[in-house]
Amino acid sequence: MRSLPKSARITLFHGAAQPFEICERPIALPGANGVLVQVSLATICGSDLHTVLGRRSAPTPCVLGHEIVGVVAAPTQARDADGKPLQEGARVTWSLMVSCHQC
């Protein structure tokens with residue numbers, strides 16, 4: 001396992017019409033079935049824009065953006081959507097929805 005950074009830079013949303021805050025936060029290693037991912041790319045979508053404009057509520061402070069691609073950054077016992085073990089270094093993405101693999 002390679003050496004992991006102790007902190008990550010994040011951008012916090014504090015509410016509509018409030019400035020975003022760029023700050024450092026400690027990285028907490030996940031439990032056995034969790035996955036630590038180093039984010040390569042992230043986007044914000046329409047729901048995030050509604051949140052920024054105050055048309056949709058979200059607990060604050062929070063980090064917006066849930067459309068993400070990254071790399072598994074630490075060993076894990078988690079499995080992918082097909083049930084295969086995730087390996088450190090694997091490229092991953094995730095969704096708010098789950099597919100049934102039938103339709």
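## Confidence in the model

The protein chain has a mean pLDDT of 89, and 93% of its residues reach 70 or more; pLDDT is the predictor's confidence in each residue, from 0 to 100. This is a predicted model, in which local features need pLDDT of at least 70 and side-chain atom pairs count only at pLDDT 80 or more, while totals for chains, interfaces and linings use all residues. Residues are numbered from 1 along each chain as its sequence is written, and side-chain values use heavy atoms, with hydrogens and water left out.

Among the elements of the chain, E2 has the highest mean pLDDT (96) and E3 the lowest (90).

## The overall layout

You'll find one helix and five strands here, following the pattern β-β-β-α-β-β along the sequence. Helices (H or I, at least four residues) and strands (E, at least two) are DSSP runs, numbered from the N terminus.

The C-alpha trace spans about 45 × 40 × 20 Å along its principal axes. Of the 103 residues in the chain, 20% are buried (buried means under 20% relative accessible area, exposed over 50%, partly exposed in between, with a 1.4 Å probe and protein chains only).

## The sheet

Three strands make an open sheet in the order E3-E4-E5, with antiparallel pairing; two strands pair if DSSP finds at least two bridges between them. Strand E3 (37-43) and strand E5 (91-93) are at the edges with a single partner strand each, so one side of each has no neighbour in the sheet. From one strand to the next, the twist averages 25° (axes are lines fitted to C-alpha atoms, for helices over the stretch in contact, and angles run from 0 to 180 degrees between N-to-C directions).

E4 and E5 run antiparallel and are joined by three bridges. Have a look at valine 71: its bridge partner in E5 is arginine 91.

## Loops worth a look

Start with the loop between strand E1 (7-12) and strand E2 (21-26), where alanine 17 sits. Alanine 17 isn't a glycine, yet it has a positive phi of about 65°. Alanine 17 is also exposed, with a relative accessible area of 81%.

Next, proline 61 lies in the loop between helix H1 (46-52) and strand E4 (67-72). A cis peptide bond joins proline 61 to threonine 60, with omega at about -5°.

Finally, the loop between E4 and E5 holds proline 75, which is exposed at a relative accessible area of 55%. Proline 75 and glutamate 88 are 13 residues apart along the chain, and their C-alpha atoms are separated by 5.3 Å.
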